[in-house]
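This briefing accompanies the sequence and structure displayed below.

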Amino acid sequence: MIPEAQNPPPRRRKDLLDIETLSPDEITFLLETARPFKDLFTRSVKKVPALRGKTVLNLFFEPSTRTRASFEIAAKRLSADVTNLAVSQSSVVKGESILDTVDTMQSMKVDYMVVRHGASGVPSFIARHTPASVVNAGDGYHAHPTQALLDAFTMKEALGDFPGRKILIVGDILHSRVSRSVSTCAHKLGMEVGVFGPSTLIPNGHPSYMQVFDSFESALQWEPDVIYLLRLQLERQSAHFFPSMREYHNLFGMTRERFRQVEKRGLHIMHPGPVNRGVELVDEVLSYERCLINRQVENGIATRMAVLYWLQPELTAPKFEEQEEETTP
Ligand code: CP
């Protein structure tokens, strides 16, 4: 059985599109629901029948390694059937619109659509046009909610409780959907949020709870518990925001010198991946015992299982399903 994390649990939603619209109780519920799913991974059979008979469609219009594989494994561990639509080999390249593609897939009665797109708002646009549950797997600069949830789960494992803990997010805050979702999630859970990066990559009008630092050194003196290094998103930058990669590394990266301080203070390091070695961090960070990057990937599966388990598609169930055995794990 999956223990109910709260009694009563929060009302189920059709879609997960961002962190902003989740309440702290809903976030806490998802983190608590992910815990027993993670415990499954130590068993020889890592599956539960919760989504047996359901179909999950991965619809990725942008490249992904972690998120796509993680959703596929999560859905399979819930016993769902999974289809990965290779967008670059689909009729999208023949000019088929997103809505026609969604309509076509809906005709095949998929229950969940996991959507990544380079343009902000595409997952919510799709969600308005399908009874399937839509999960935003990253849209433009906007949001990456399951990344934020898996990061929160990972921080909870590493730190215990959230209130009073500090997360320092470093890098390209302006273009990062990860930064937006992670900072919102951390704030909702009671953490203090600091940011540091090139002044050209700090958005004007950032939220008032965010403390902005003007040097890595002053940010370290703030004594963060977690340093969250963002990937430098060269593919989203339409202008040159800093002179060179070398300068970025020297000013904003986890250099050898800074890493020595981090090790001495026992701080945790996180990164959503993929890592640009020698830019956001030096190689030796990856073998540091408080570097949580691999744990983030591992926890992505349990967290996404919790999300798929919680969401409720609006599809009408066929009558014969009512007579089937209970599928709650
Ligand atoms: N963190 C993340 O979204 O990685 P992928 O682009 O590999 O999915």
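Which residue just after helix 2 takes a positive phi? Serine 79 does so, at about 70°. The model is predicted, so that local features need pLDDT of at least 70 and side-chain atom pairs count only at pLDDT 80 or more, while totals for chains, interfaces and linings use all residues. Residues are numbered from 1 along each chain as its sequence is written, and side-chain values use heavy atoms, with hydrogens and water left out.

**Domains**
- The domain assignment, an automatic or database one, gives domain 1 (24-144 + 298-313) and domain 2 (145-293).
- The centres of domain 1 and domain 2, taken over C-alpha atoms, are separated by 26 Å.
- Contact between them (heavy atoms within 4.5 Å) takes 28 residues from domain 1 and 25 residues from domain 2.

**Nonpolar cores**
- A nonpolar core is a set of buried Ala, Val, Leu, Ile, Met, Phe, Trp, Tyr and Cys residues joined through side-chain atoms within 4.5 Å; buried means under 20% relative accessible area, exposed over 50%, and partly exposed in between, with a 1.4 Å probe and protein chains only.
- The largest nonpolar core has 60 residues, of which Phe37, Ile167, Ile169 and Leu308 touch the most other members.
- Helix 10 (residues 293-310) supplies the largest share of this core, eight residues.
- At least three residues of this core come from each of domain 1 (24-144 + 298-313) and domain 2 (145-293).
- Apart from this core lies another, of 28 residues, among them Val170, Phe213, Phe242 and Phe259.
- Leaving aside neighbours within four places in sequence, leucine 308 is in contact with Leu51, Phe71, Ala74, Ala75, Leu78, Tyr112 and Val135.

**Helix 2**
- Helices are DSSP runs (H or I, at least four residues), as are strands (E, at least two), numbered from the N terminus.
- Helix 2 (residues 66-77) has 12 residues and reaches 16 Å from its first C-alpha to its last, close to the 16 Å expected at 1.5 Å a residue; the expected span is 1.5 Å times one less than the number of residues.
- Its buried residues are Thr67, Ser70, Phe71, Glu72, Ala74, Ala75 and Arg77.
- These buried residues of helix 2 pack against strand 1 (55-60), strand 2 (81-86), strand 3 (112-117), strand 4 (133-139), helix 5 (145-159) and helix 10.

**Helix 6**
- Helix 6 (residues 177-188) has 12 residues and reaches 17 Å from its first C-alpha to its last, close to the 16 Å expected at 1.5 Å a residue.
- Nine of the 12 residues of helix 6 are buried, so this helix is largely enclosed by the rest of the structure.
- The buried residues include Arg177, Val182 and Cys185.
- Serine 176 caps the N-terminal end of helix 6, with a side-chain oxygen 3.2 Å from the backbone nitrogen of valine 178.

**Cysteines**
- The structure holds zero disulfides, a disulfide being a pair of cysteine sulfur atoms within 2.5 Å.
- The sulfur of cysteine 185 has its closest cysteine sulfur in cysteine 291, 20 Å away, which is too far for a bond.
- Cysteine 185 is buried, with a relative accessible area of 1%, and cysteine 291 is buried at 13%.

**Glutamine 261**
- Glutamine 261 lies in helix 9 (residues 256-265) and is partly exposed, with a relative accessible area of 29%.
- Glutamine 261 and aspartate 18 are 243 residues apart in sequence and 35 Å apart in space, C-alpha to C-alpha.

Note on methods:
Polar contact = N/O pair within 3.5 Å; in protein donor to acceptor, adjacent residues only side chain to side chain.
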